[in-house]
Amino acid sequence: MKLATLKNDTRDGQLVVVSKDLSKCITVAELAMTMQQLLDNWDELSPKLEEIYTGLNAGQLDGEMPFEQSHCESPLPRAYQWADGSAYVNHVELVRKARNAEMPPSFWTDPLMYQGGSDDFIGPQEDIFAISESHGIDFEGEVAVITGDVPMAASPEEAGKQIRLVMLVNDVSLRGLIPEELAKGFGFFQSKPSSAFSPVAVTPNELGGHWDGGKVNLPLLSYLNGEPFGKPNAGVDMTFEFPELVAHAAKTRALGAGAVIGSGTVSNKQGTEHGTSIQEGGVGYSCIAEVRMIETIRDGKPATSFMSFGDNIRIEMLDDEGNNIFGTIHQRVVEYKK
């Protein structure tokens with residue numbers, strides 16, 4: 001089943017069921033007005049929405065309308081919880097190598113995770129507003145899951161059973177602000193502005209064999225200013241799979257239905273020490289920071305710039321037949337003016 005949230009005159013938008021080919025959708029207000037309402041009543045409502053999804057794909061329903069990705073909010077326009085992990089330890093290792101820092105052995109056994117702002121997600125095709133290019137504007141291509149209610153101290157097996165939906169993420173980062181924030185020893189805040197999620201969230205069964213219960217085994221595609229930037233496989237080099245990440249988030253607290261848990265930047269080692277760009281025959285990267293890290297390790301300093309005003313980023317994932325699964329995150333960086 002595929003679901004989305006269309007913009008309307010409310011903060012939480014209008015829940016719709018979307019056809020498999022993303023061509024049409026239908027409102028389900030008689031069952032649930034919003035994505036959060038569905039998640040709060042998942043066991044009761046999801047089977048009914050699955051029936052609607054089947055009918056929509058068969059062209060058997062009245063009230064169908066064209067699905068316009070540009071009219072979408074993020075599937076959850078705001079959420080009770082947004083916690084982002086760093087499941088691809090290759091990404092963390094590169095960050096530390098670039099500043100000649102040893103990586104603690106625990107990073108391979110205990111996930112890194114930060115709690116992000118979840119009150120104001122950006123729409124998947126809305127502008128990214130930034131105050132200054134000097135802040136080091138970067139995109140981060142990720143995968144995320146939305147959970148049901150997860151009890152405190154849930155095991156990975158228990159946590160995995162509460163994964164309701166899967167979607168993509170652009171976890172916008174301001175790299176120039178990160179060092180000072182982390183130096184304070186209290187974590188990210190200003191350096192992690194609002195994130196954006198794919199137009200469509202899908203149930204794990206929609207991914208077929210590409211979902212193995214813990215991760216999505218497909219390339220995550222990113223294009224910076226129209227040029228291919230990355231195509232690393234989200235199922236490769238994922239040290240901590242989603243059930244482990246969800247369980248980690250619930251170690252000392254329960255997670256409410258609608259909690260969003262991110263994978264962190266998708267990163268493949270590619271059989272080399274640092275990975276390789278698409279132009280050099282590799283699978284590339286899911287953020288500019290990794291390229292700059294490799295340049296620093298190799299050349300002593302970075303050469304690639306972070307994003308400038310007017311730059312745009314596109315993130316999506318295709319199935320084996322080339323069909324767009326989640327819709328497209330497509331955003332432009334714009335200078336914020338009061």
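Author: Helices (H or I, at least four residues) and strands (E, at least two) are DSSP runs, numbered from the N terminus. On that basis, Asp237 sits in the loop between β15 and α6 (242-249). The model is predicted, so local features need pLDDT of at least 70 and side-chain atom pairs pLDDT 80 or more, while totals for chains, interfaces and linings use all residues. Residues are numbered from 1 along each chain as its sequence is written, and side-chain values use heavy atoms, leaving out hydrogens and water.

Start with backbone angles. Most residues other than glycine have a negative phi. Asp237 has a positive phi, near 65°. Asn225 is not a glycine either, and has a positive phi of about 50°. Asn225 lies in the loop between β14 and β15 (227-230).

Now exposure. Buried means under 20% relative accessible area, exposed over 50%, and partly exposed in between (1.4 Å probe, protein chains only). Asp237, at 34%, is therefore partly exposed. Asn225 is partly exposed because its value is 37%.

Two other loop residues are buried. Ser198 lies in the loop between β12 (196-197) and β13. Its relative accessible area is 0%, so Ser198 counts as buried. A polar atom of the Ser198 side chain lies 2.9 Å from the backbone oxygen of Val200. Contact means heavy atoms within 4.5 Å. Beyond neighbours within four places in sequence, Ser198 contacts Pro75, Pro124, Met167, Leu168, Phe326 and Ile329.

Glu206 belongs to the loop between β13 (200-202) and β14 (221-224). With a relative accessible area of 15%, Glu206 is buried. Its side chain makes a polar contact of 2.7 Å with that of Lys20 (N or O atoms within 3.5 Å; within protein, one able to donate a hydrogen and the other to accept it, and residues adjacent in sequence count only if both atoms are side-chain atoms). Leaving aside neighbours within four places, Glu206 also touches Met1, Lys2 and Tyr53, among others.

Next, the pockets. A pocket is an open set of points on a 1 Å grid over the protein atoms alone, where a 1.4 Å probe fits, with protein on both sides within 12 Å along at least five of seven lines; lining residues have an atom within 4 Å of a point. A volume is the space filled by probe spheres set on the points, which are joined across faces, edges and corners. The largest pocket has a volume of about 960 Å³. Its lining has 32 residues, and Val95, Arg175, Ile178, Leu182 and Phe188 lie nearest the centre. The largest share, five residues, comes from α3. The second largest pocket has a volume of about 630 Å³. Of its 25 lining residues, Asp120, Phe129, Lys192, Pro193 and Ser194 are closest to the centre. Here β7 gives the largest share, three residues.

Last, the cores. Nonpolar side chains tend to be buried together in soluble globular proteins. A nonpolar core is a set of buried Ala, Val, Leu, Ile, Met, Phe, Trp, Tyr and Cys residues joined through side-chain atoms within 4.5 Å. The largest holds 68 residues, of which Phe67, Val143, Val166 and Met317 touch the most other members. Another core lies apart from it, with 30 residues, including Met35, Leu49, Leu76 and Leu165.
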